Amino acid sequence: MFTIYKHEIKEYWKSLLIWAICVGGMGAMCILLFSSMKETMSGMTESFASMGAFSDAFGMSQLSIATLAGFYATEIGTIHGLGGAMFAAVVSANILSKEEDGHTSEFLFSLPIRREKAVFAKWSAAVSHILLFNLLCVLLYLVAIVALGEEMDFHRYFLYHIMQLLMQMEVAGICFCISAFQKKNKLGLSLGVVLLLYAYDLMARVVPDLADYKLFSPFSYANAADLFSTGEIYLAGTVLGAAVLAAGVVVAHVIYGRKDLAV
């Protein structure tokens, strides 16, 4: 089982570095640009906050973008939230289906190891990549914040990133489950699911009739503007997200353990 885990770690480590450098580096550069934009944005705060649905969707009606916390929530929160979810989808979308698509399942399951353990090893590798991605990104953001010298509410900062980690795990669980059902690589389908969930969250923030149903998107409980403005966890969305994560992983184990594999 550990051999499969090491193989998956080695296979995706370049992708991990590329995504972490791109997402984390972009976020860090935006943070460093804050000081030069601060005075300009202070005069535009009211304008951004009064843009109606646009302001509600991106949290500019809740926080002042003239503060580092507000800027981080509205700008870096969008970059990290969407980038992290897409990375989680990329890592987990094909991790099971690639064995059949690449006709390597015959070799893999000739090894003296149960399918369930192989699936667990692959899921563990996906989780490890997501953890490392978040660690690298957070380190880049922290270096930029320290270099900038501005004040930051680190309690809400780390609460946000913990919720982001759970959100990415939920997305990975959904895509991992999709991968168990497929015999071909369906990366486009998994990325489409991420974009659909993100769009649904934006709609739920501007359409009153959808407000009570925003918990169906994992982006609902990992929203930077909500967490930085209130410092409180959206409990209903978090509980549902954890349940979907667990269900996705369990279903993937059951389905992949019973399916007839293409060789």
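Let's start with helix α4, residues 68-93: at 1.5 Å a residue, its 26 residues should span 38 Å, and its end C-alpha atoms sit 35 Å apart, which agrees. The expected span here is 1.5 Å times one less than the number of residues. Helices are DSSP runs of H or I with at least four residues, strands are runs of E with at least two, and both are numbered from the N terminus.

Helix α4 also has a kink of about 40°, centred on Gly-77. The bend at a residue is the angle between axes fitted to the seven residues ending there and the seven starting there. Of the 26 residues of α4, 20 are buried, so the rest of the structure largely encloses this helix. Buried means under 20% relative accessible area, exposed means over 50%, and partly exposed is in between (1.4 Å probe, protein chains only).

## The model as a whole

This is a predicted model, where local features need pLDDT of at least 70 and side-chain atom pairs count only at pLDDT 80 or more, while totals for chains, interfaces and linings use all residues. Residues are numbered from 1 along each chain as its sequence is written, and side-chain values use heavy atoms, leaving out hydrogens and water.

The protein has 11 helices and 0 strands. Out of its 263 residues, 48% count as buried. Take the contacts (heavy atoms within 4.5 Å) between residues at least 6 apart in sequence: 78% of them join residues at least 24 apart.

## Salt bridges

A search of the whole structure turns up 4 salt bridges, each being a side-chain nitrogen of Lys or Arg within 4 Å of a carboxyl oxygen of Asp or Glu. One of them pairs Asp-153 with Arg-156, with the closest N and O atoms 3.5 Å apart. Asp-153 is partly exposed at 35% relative accessibility, and Arg-156 is partly exposed at 23%.

Over in helix α9 (residues 187-206), Asp-201 and Arg-205 lie 4 residues apart, about one turn of the helix. Their side chains meet in a salt bridge at 3.1 Å, N to O. Asp-201 is buried at 3% relative accessible area, and Arg-205 counts as buried at 15%.

Arg-205 also forms a salt bridge with Asp-226, at 2.9 Å, N to O. This pair links distant parts of the chain, with Asp-226 in helix α10 (residues 224-230) and Arg-205 in helix α9, 21 residues apart. Through shared partners, salt bridges join Asp-201, Arg-205 and Asp-226 into one network.
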